[in-house]
Amino acid sequence: MKKIFTPAVLLLTVFALGACASNGNNNSSSDSLKETTATETVETDSTEAQEMVFTATVVSVTELGTSDPSIQILLEEPVAVTDTEDSIGSFQNGVALNVDPTTLTMDVEELAVGSELKVTLAQPAVMTMSIPPQVPGNSIISIELIK
């Protein structure tokens, strides 16, 4: 029993000392990592907002049965005007815009099936993972009717 116990204790001691030694090395490497990260920080201008602009055809306009007045505009065949993050690929099957009608610059009656809209979204736009994706009103900057 003594022959097995002594090497086992010796082996455990070596592992414990080895773990302590590697902890000391990790602290110094993380300090240098922190210094490197701090020097590579780049400031961005937060006032410069990115936008995604696309045109699409109206498929339907539906009044949603919610406590707040809101409508859903279903669009198809979106074409990107400006899209820095290639988000238009998410709209292959169309896109549904959930909008408060009071924020529209036009009357809801002007939104007829087949009319063309120019939509500006904040980027990255908040949207659901459904098909088609739904974009809430807080991601919509503007909706314009193309005449």
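# Reading the terms on a predicted model

The protein chain has one helix and six strands, where helices (H or I, at least four residues) and strands (E, at least two) are DSSP runs numbered from the N terminus. This is a predicted model, in which local features need pLDDT of at least 70, side-chain atom pairs count only at pLDDT 80 or more, and totals for chains, interfaces and linings use all residues. Residues are numbered from 1 along each chain as its sequence is written, and side-chain values use heavy atoms, with hydrogens and water left out.

Student: Why is Gln 123 called buried?

Tutor: Buried means under 20% relative accessible area, exposed over 50%, and partly exposed in between (1.4 Å probe, protein chains only). Gln 123 has a relative accessible area of 8%, so Gln 123 is buried. Gln 123 lies in the loop between strand S4 (116–122) and strand S5 (134–135).

Student: What is Gln 123 in contact with, leaving aside its neighbours within four places in sequence?

Tutor: Contact means heavy atoms within 4.5 Å. Gln 50, Glu 51, Met 52, Asp 83, Thr 84, Glu 85 and Ser 87 are in contact with Gln 123 when those neighbours are left aside.

Student: Why does Phe 15 count as exposed?

Tutor: The relative accessibility of Phe 15 is 56%, so Phe 15 counts as exposed. Phe 15 is found in helix H1 (residues 2–39).

Student: What makes the largest nonpolar core a core?

Tutor: A nonpolar core is a set of buried Ala, Val, Leu, Ile, Met, Phe, Trp, Tyr and Cys residues joined through side-chain atoms within 4.5 Å. The largest one here has 22 residues, and those with the most contacts inside it are Phe 54, Ile 73, Leu 75, Leu 97, Leu 121 and Ile 143. Two or more residues each come from strand S1 (51–63), strand S2 (71–82), strand S3 (95–99), S4 and strand S6 (140–146). S1 gives the largest share, four residues.

Student: Why might such residues gather?

Tutor: In soluble globular proteins, nonpolar side chains tend to be buried together.

Student: How do you know that S1 and S2 pair?

Tutor: Two strands pair if DSSP finds at least two bridges between them. Nine bridges join S1 to S2, which run antiparallel. Glu 76 in S2 is the bridge partner of Thr 57.

Student: What makes S5 and S6 edge strands?

Tutor: The open sheet of six strands has the order S5-S3-S2-S1-S4-S6, with mixed pairing. S5 and S6 each pair on one side only, and they are the edge strands.
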